[in-house]
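Please read these notes with the coordinates open.

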Amino acid sequence: MCVAPNASYQVTMLFDKMIAGNVNRASKQSQSIGGQNFSIATKQFYGHTNRVTLLQILGGHTGTQIENMLLEQGIDCITVHTPLPTRTCTTCLDVSTNQMTELIGVSNRVEEEVVAEYVDIATRLLHSDAPPRALTLCGTIPPGFNSERIAEIISGKTDKTLVFVDAAMDILPLLATGKVDILKVNLNELKTIASAVGLQFNATQGIPPAILELGKKMRVSIVAVTDGPSMAYLADIGQGTCHTFAIPDLLADKESFIGNLAEAKVGDEEKRVLNPIGAGDACSSVTLNCLLDGAPAVEAFALGLAAASASCLVPMINCIIDRVVMNQIRAMTTITQV
């Protein structure tokens, strides 16, 4: 079950060159879904939709468009409706600089009755005769829906459901439940959480000990940390071990990777730019699903990182994972126990 209450209508625009303060006209544009890319990536990875149920809040004309796109893709959805329109996010890709700019629209406040219905549905699913094998929280929480209500959902889960949290904003109430099994954040988010709980993040001490200390304090079994194209980390708190992951440089080897794209079609202009939007969700999706399929945590995370990297090479639609390139990147990833 994917808990993603802050959806967005995602517009991606490709520009030959963007100039600040000028009118900029896109050379290509696509529409997709944002804020719920875990479910999209899961479908892309497996090629079918029976791995995930998406629990969402949608409203207005943008919400209707998102519902229609999800229906076309066959994603299993449970939707709680709100009268105000779902936010819009716009990704601007500049081919001349290979830079991405993300413009995030306003998230409207959701009413208390909408929040109550959402919490009730999630809680009933967790206590059903066939509860989900995992619950994943991805992305942000809209105004009116605070993390205490998400913690209320998580607190009611049984041992039959694994809890995976890929979020950092206001998540201390979630961690305080002691029911979060896996926490995935980026390095800056890790530092923010460590500071909030009174832990000193000492760079000279090293990142792995800090991750292990935070995991123990938060009673989390596994902590996964990403840092864009830089070093990633996975700490198994129970075993007291930490592994580092060095992924290949996409920019340096882009021509090789793009030349091996077998399942995704990319136009000549698109081949000149990378788009990291949705990569984090691709990583979370593949990591968690591989864990559920029985892969060791280290290998599951390595595959997740490779899937995230592969998704960056298909810029106009989020979370398209070409398995051929994913496997190539995985083969080039160096894993070290520290």
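The points below concern a predicted model.

1. Helix α3 covers residues 112–126, 15 residues in total. From first C-alpha to last, α3 reaches 21 Å, close to the 21 Å expected at 1.5 Å a residue.

2. The buried residues in α3 are V114, V115, Y118, V119, I121, A122 and L126. Seen down the axis of α3, they fall within an arc of 160°, so they line one face of the helix. An α-helix has 3.6 residues a turn, so residues three or four places apart point the same way. The face of α3 turned away from the buried side carries E113 and R124, which are exposed.

3. What do the buried residues of α3 pack against? Their partners are strands β1 (2–3), β4 (53–59), β5 (76–82) and β8 (134–138), together with helix α4 (147–155).

4. The count of aromatic pairs is 3. One of them is Y118 with F145, edge-to-face at 5.3 Å centre to centre and 85° between the planes. Because Y118 belongs to helix α3 and F145 to the loop between β8 and α4, this pair ties together parts that are 27 residues apart in sequence. Both Y118 and F145 are buried.

5. F245 and F301 also form an edge-to-face pair, with 5.1 Å between centres and 85° between planes. F245 lies in strand β13 (residues 241–246) and F301 in helix α10 (residues 297–312), so the parts tied together are 56 residues apart in sequence. The relative accessible area is 0% for F245 and 1% for F301, so F245 is buried and F301 is buried.

6. Two arginines lie over rings. R51 is over the face of Y46, 4.2 Å from the ring centre. The charged end of R323 sits over the ring of F45, at 3.9 Å from its centre.

Notes: Residues numbered from 1 in each chain as written. Predicted model: local features only at pLDDT ≥ 70, side-chain atom pairs only at ≥ 80, totals over all residues. Heavy atoms only, no water. Helix = DSSP H or I, 4+ residues; strand = E, 2+ residues; numbered from the N terminus. Expected span 1.5 Å × (residues − 1). Buried < 20%, exposed > 50% of the residue type's maximum accessible area, 1.4 Å probe, protein only. Arc of directions from axis to C-beta. Contact = heavy atoms within 4.5 Å. Phe/Tyr/Trp six-rings, centres within 6.5 Å; stacked < 30°, edge-to-face > 60°. Lys NZ or Arg CZ within 6 Å of the ring centre and 35° of its normal.
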